[in-house]
Amino acid sequence: MRHFPPRRIVCLTEETVETLYLLGAQDRIVGVSGYAVRPPEVRREKPRVSAFVSADIPKILALEPDLVLAFSDLQAGIVADLVREGVDVHVFNQRDVAGILAMIRTLGALVGAGERAEALAQGFERRLAAIAATPRPSPRPKVYFEEWDDPLISGIGWVSELIEIAGGEDMFPELRHRQAAKDRIVSADAVRKAAPEVILASWCGKKVVPARIRAREGWSDIPAVRNDRIVEIKSTIILQPGPAALTDGLDAIVKALWPAHVTAFAT
């Protein structure tokens with residue numbers, strides 16, 4: 001980087017944007033992903049320079065960033081283009097709760113806010129532990145999380161973990177460590193046989209249509225369908241591996257699983 005801490009940062013995904021705001025480093029952000037909506041003011045304060053797997057490279061270069069923050073192999077093409085232009089890029093790859101906390105600490109170190117990042121991460125850790133320790137009725141409700149509807153894709157690692165922290169039992173925990181969505185495809189018959197009591201759905205940016213879920217062949221006898229416990233969780237709060245998932249996303253899971261026993265936890 002030309003400067004340390006970096007003075008001009010471009011964020012190609014939402015979770016680094018939210019983290020920088022929480023660290024009080026938002027003034028360094030000069031460009032963001034089009035999907036960045038947290039905190040709400042980001043939509044009016046920061047220029048949009050990318051989608052998820054595409055970006056306006058000339059626009060990014062015109063911003064003269066000291067550092068660009070990216071996520072995973074899915075943005076490898078964007079990263080390669082920026083590196084060829086001589087831009088410093090840091091690519092995160094967090095896929096579980098531990099990875100999210102490590103991202104927060106690493107980002108803090110990258111922007112010279114290590115102590116504040118450590119305090120933030122520790123606050124999230126205490127929050128997660130408190131929610132996990134909350135007494136819940138037994139048995140744990142069986143949960144199917146649907147990340148996509150065609151084909152059916154089950155929840156990624158951090159989602160599976162948050163279901164357990166919230167007091168639920170993920171029906172496909174063996175898939176949580178599979179990074180690629182194509183490796184988490186499940187059959188409609190497998191879900192039917194698992195007989196989840198709650199279906200949580202977040203169709204990766206498009207609106208969930210519960211009627212389509214209810215209409216699937218053989219699903220009318222699934223307890224979650226029979227008892228009308230199909231709940232949409234907005235992708236902006238659960239499918240971003242950052243602070244949103246650990247706060248509003250987790251709270252939404254708790255509310256869906258325990259509607260009569262909801263307790264609010266401060267961050």
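The model is predicted, so local features were taken at pLDDT of at least 70 and side-chain atom pairs at pLDDT 80 or more, while totals for chains, interfaces and linings use all residues. Residues are numbered from 1 along each chain as its sequence is written, and side-chain values use heavy atoms, with hydrogens and water left out.

The largest pocket has a volume of about 870 Å³. Grid points are joined across faces, edges and corners, and the volume is the space filled by probe spheres set on the points. The probe is 1.4 Å, and lining residues have an atom within 4 Å of a point. The lining of the largest pocket counts 34 residues. F52, E147, C204, L239 and Q240 are the closest to the pocket centre. Helices (H or I, at least four residues) and strands (E, at least two) are DSSP runs, numbered from the N terminus. By residue class, the lining holds 16 nonpolar, 8 polar and 10 charged residues. Here Ala, Val, Leu, Ile, Met, Phe, Trp, Tyr, Cys and Pro count as nonpolar; Asp, Glu, Lys and Arg count as charged; the others, Gly among them, are polar.

Helix 1 is largely enclosed by the rest of the structure, because 8 of its 9 residues are buried. Buried means under 20% relative accessible area, exposed means over 50%, and partly exposed lies in between (1.4 Å probe, protein chains only). The buried residues of helix 1 are E14, E15, T16, V17, E18, T19, L20 and Y21. Just after this helix, G24 takes a positive phi of about 75°.

The aromatic pairs come to 2. Rings of Phe, Tyr and Trp (its six-membered ring) pair if their centres lie within 6.5 Å; planes under 30 degrees apart are stacked, those over 60 are edge-to-face, and the rest are tilted. Y144 and F172 pair edge-to-face, at 6.0 Å centre to centre and 80° between the planes. This pair links distant parts of the chain, 28 residues apart. Y144 lies in strand 6, and F172 in the loop between strand 8 (169-170) and helix 8 (188-194). Both Y144 and F172 are buried. Y144 also pairs with W219: the ring centres are 6.3 Å apart and the planes stand at 80°, so this pair is edge-to-face. Here the partners are 75 residues apart, with W219 in the loop between helix 9 (210-214) and helix 10 (223-226). Relative accessibility is 1% for Y144 and 0% for W219. Y144, F172 and W219 form one aromatic cluster.

Charged groups also sit over rings. The criterion is NZ of Lys or CZ of Arg within 6 Å of the ring centre and within 35 degrees of the ring normal. The charged end of R216 lies over the ring of W219, 4.7 Å from its centre. K206 sits over the face of W148, at 4.3 Å from the ring centre.

The whole structure contains 18 salt bridges, each defined by a side-chain nitrogen of Lys or Arg within 4 Å of a carboxyl oxygen of Asp or Glu. Within helix 4 (residues 76-84), D81 and R84 are 3 residues apart, about one turn of the helix. Their closest N and O atoms are 3.1 Å apart. D81 is partly exposed at 35%, and R84 is exposed at 66%. In helix 8, D189 and K193 are 4 residues apart, again about one turn. They form a salt bridge at 3.2 Å, N to O. D189 is partly exposed at 33%, whereas K193 is exposed at 61%.

A further salt bridge joins D228 and R214 (3.6 Å, N to O). D228 lies in the loop between helix 10 and strand 10 (230-232) and R214 in helix 9, so the pair ties together parts 14 residues apart in sequence. D228 is exposed at 54%; R214 is partly exposed at 37%. Elsewhere, salt bridges that share partners join E18, R38 and D248 into one network.

Conventions
On a 1 Å grid over the protein atoms alone, a cavity is a set of points where a 1.4 Å probe fits but cannot get out, and a pocket is an open set with protein on both sides within 12 Å along at least five of seven lines; lining residues have an atom within 4 Å of a point.
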